[in-house]
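My notes are below the structure.

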Amino acid sequence: MQVFIDGVDRTSIVDLRTLRVSDAIGERSTAGFLVNDLDNTLGPVLQPGEVVEIVHDGSKVFAGTIDRAVQLKVAQGAMQRQYQVDCVDWHQIADRRIVAETYENTPAGSIVADLVSKYLAGEGISCGPDSVQEGPIVVEAVFNYVPATTALDKLAELAGFSWWIDPEKILHFVERATYAAPWVLDSPLKFRELQIERSREGYRNRQYIRAGKDITDPQVEQFKGDGASRTWTVGFPIARVPTVKVNGVVKTVGIKGIDEGKDFYWNKGDPVLTQDSSGSVLTASDTLEVTYQGFFDVVVLVDDYAAIEERKGVEGGTGYYEAVEDEPYLSSREAAIRSGNAKLRKYAKLMKRISFRTYQGGLRPGQILTVNLPDRGLVAEDFLVEAVDLSEESPGVWLYSVRAISGEAVGGWTKFFKNMASRGQAFVIRENIREYQVLIRLVQSQEGWQWAEQMPVTVFACPIPSSSLYPSPTLYPC
């Protein structure tokens with residue numbers, strides 16, 4: 001085991017008994033250890049931001065920066081210092097960069113690559129030759145000043161992918177079955193303390209999505225004048241500029257409260273159309289025709305019929321497990337259906353999680369581990385490695401604690417529902433951008449100018465015959 005701080009091997013002053021490395025999918029990986037600086041090798045202090053790399057058996061198991069360094073004690077009259085050092089991996093770079101971007105009809109992987117190029121490349125993060133897969137087409141994505149982590153999390157959720165930044169600063173955005181574990185869990189000799197958990201926690205097979213507002217197909221409504229009215233209310237709040245005709249003649253339309261000199265006025269989200277006060281009041285012989293598209297509230301229901309039948313066979317009854325989610329940022333029925341399907345892909349399966357300890361290295365979060373232990377009821381089942389913790393069991397003996405989960409329940413149910421409760425920032429991917437709010441990005445530029453200046457000089461001179469006459473400009477003007 002080797003610990004490098006800012007590129008220098010500091011293993012000799014690190015108390016390896018205190019070393020802990022925790023690596024989890026969809027979360028920051030962390031490391032912590034004590035440093036006993038007996039002869040002030042490190043100088044007066046350890047600084048947050050210094051690069052830390054931990055190498056085990058020639059393989060880099062952690063890379064990141066110091067997040068916090070606590071000086072625990074200084075020996076009186078000596079140079080000895082002791083520090084508790086806590087580190088975070090490269091994901092903290094994505095946490096601190098804010099994204100303001102919009103995309104339409106773009107593959108999820110292309111969006112990820114663009115985010116890396118614009119926001120993370122300057123921090124040393126890059127995409128490997130095959131580390132970012134294209135994934136599905138994203139119809140609309142609006143990231144309204146959110147952390148890059150949030151944008152990547154949402155893209156991964158809707159695509160059914162996983163993402164992470166490895167110790168070499170390579171960002172991965174891939175299907176969850178892309179990386180196979182280097183070995184199969186198929187013998188008691190490879191593990192100890194195996195636990196198997198099965199539960200219905202978070203399970204659902206019918207998903208309601210209460211989304212935002214979608215836009216109707218074109219609507220045509222007609223009204224008769226009454227000799228007094230100058231306002232007419234259509235059936236839906238108006239979403240786009242309407243077409244207005246009176247007795248078949250097209251009239252001009254402006255925005256209420258902004259435009260002037262138009263025949264009629266409208267506002268987005270308002271069902272009321274108003275006639276200009278200078279226009280002739282419509283009588284019973286006049287027909288007003290309004291063609292428009294309006295807003296309506298979206299509620300969709302998505303079913304997993306196979307999962308419903310499976311539960312019905314086990315439990316009887318309808319087999320329904322229903323859940324409702326409010327996602328007001330979704331701006332179309334198609335987006336709501338996609339969100340419902342994504343949740344059923346993830347939660348229409350009974351949760352099965354395993355945990356064990358092993359001395360055998362090579363497992364990393366995001367890998368697919370095949371488990372073949374028939375005596376435990378696991379026959380060639382695939383589990384997604386969710387977390388791997390590394391610690392020293394005894395001097396020179398390192399123990400890995402592994403958690404893995406079946407199906408698509410990535411990240412843990414508790415974390416998922418916590419995220420659901422706090423998700424005020426969102427997408428269709430569409431961030432919660434309000435009506436009449438405009439996404440504006442400041443574009444900074446630099447220009448180089450080369451300046452050259454020339455001043456022509458014309459000399460006018462005349463002789464001065466005697467110094468006693470100087471300075472008498474009236475006698476000898478130039």
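The entries run from the whole chain to single residues.

**Ground rules.** I am working on a predicted model, where local features need pLDDT of at least 70, side-chain atom pairs count only at pLDDT 80 or more, and totals for chains, interfaces and linings use all residues. Residues are numbered from 1 along each chain as its sequence is written, and side-chain values use heavy atoms, with hydrogens and water left out.

**Whole chain.** I looked up the secondary structure and found six helices and 28 strands. These are DSSP runs, numbered from the N terminus (helices: H or I, at least four residues; strands: E, at least two). The chain has 478 residues, and 43% of them count as buried. Buried means under 20% relative accessible area, exposed over 50%, and partly exposed in between (1.4 Å probe, protein chains only). I then checked the accessible area (Shrake-Rupley method, 1.4 Å probe; for residues, only the protein chains shown count as cover). The chain exposes about 25400 Å², with carbon and sulfur atoms supplying 51%. For contacts I used heavy atoms within 4.5 Å. Among those between residues at least 6 apart in sequence, 71% join residues at least 24 apart.

**Helix H2.** I took H2 next. It has 13 residues and reaches 17 Å from first C-alpha to last, close to the expected 18 Å at 1.5 Å a residue. That expected span is 1.5 Å times one less than the number of residues. Which residues of H2 are buried? I listed Ala-108, Gly-109, Ile-111, Val-112, Leu-115, Val-116, Tyr-119 and Leu-120.

**Glu-134.** I found Glu-134 in the loop between S9 (126–132) and S10 (137–147). Its relative accessibility is 44%, so it counts as partly exposed. Leaving out residues up to four places away in sequence, Glu-134 touches Pro-107, Ala-108, Gly-109 and Ser-110.

**Salt bridges.** My search of the whole structure gave 27 salt bridges. The criterion is a side-chain nitrogen of Lys or Arg within 4 Å of a carboxyl oxygen of Asp or Glu.

I started with Glu-123 and Arg-96, whose side chains meet at 3.1 Å, N to O. Glu-123 sits in the loop between H2 and S9 and Arg-96 in H1, so the pair ties together parts 27 residues apart in sequence. Glu-123 is partly exposed at 25%. Arg-96 is partly exposed at 46%.

Next came Lys-256 and Asp-270, with closest N and O atoms 3.1 Å apart. Lys-256 is in the loop between S19 and S20 and Asp-270 in the loop between S20 and S21, so this pair ties together parts 14 residues apart in sequence. Lys-256 is partly exposed at 24%.

How far apart in H4 are Glu-309 and Lys-312? They are three residues apart, about one helical turn. Their side chains meet in a salt bridge at 3.3 Å, N to O.

Last, I noted a network of salt bridges linking Arg-192, Glu-193, Arg-357 and Glu-393.
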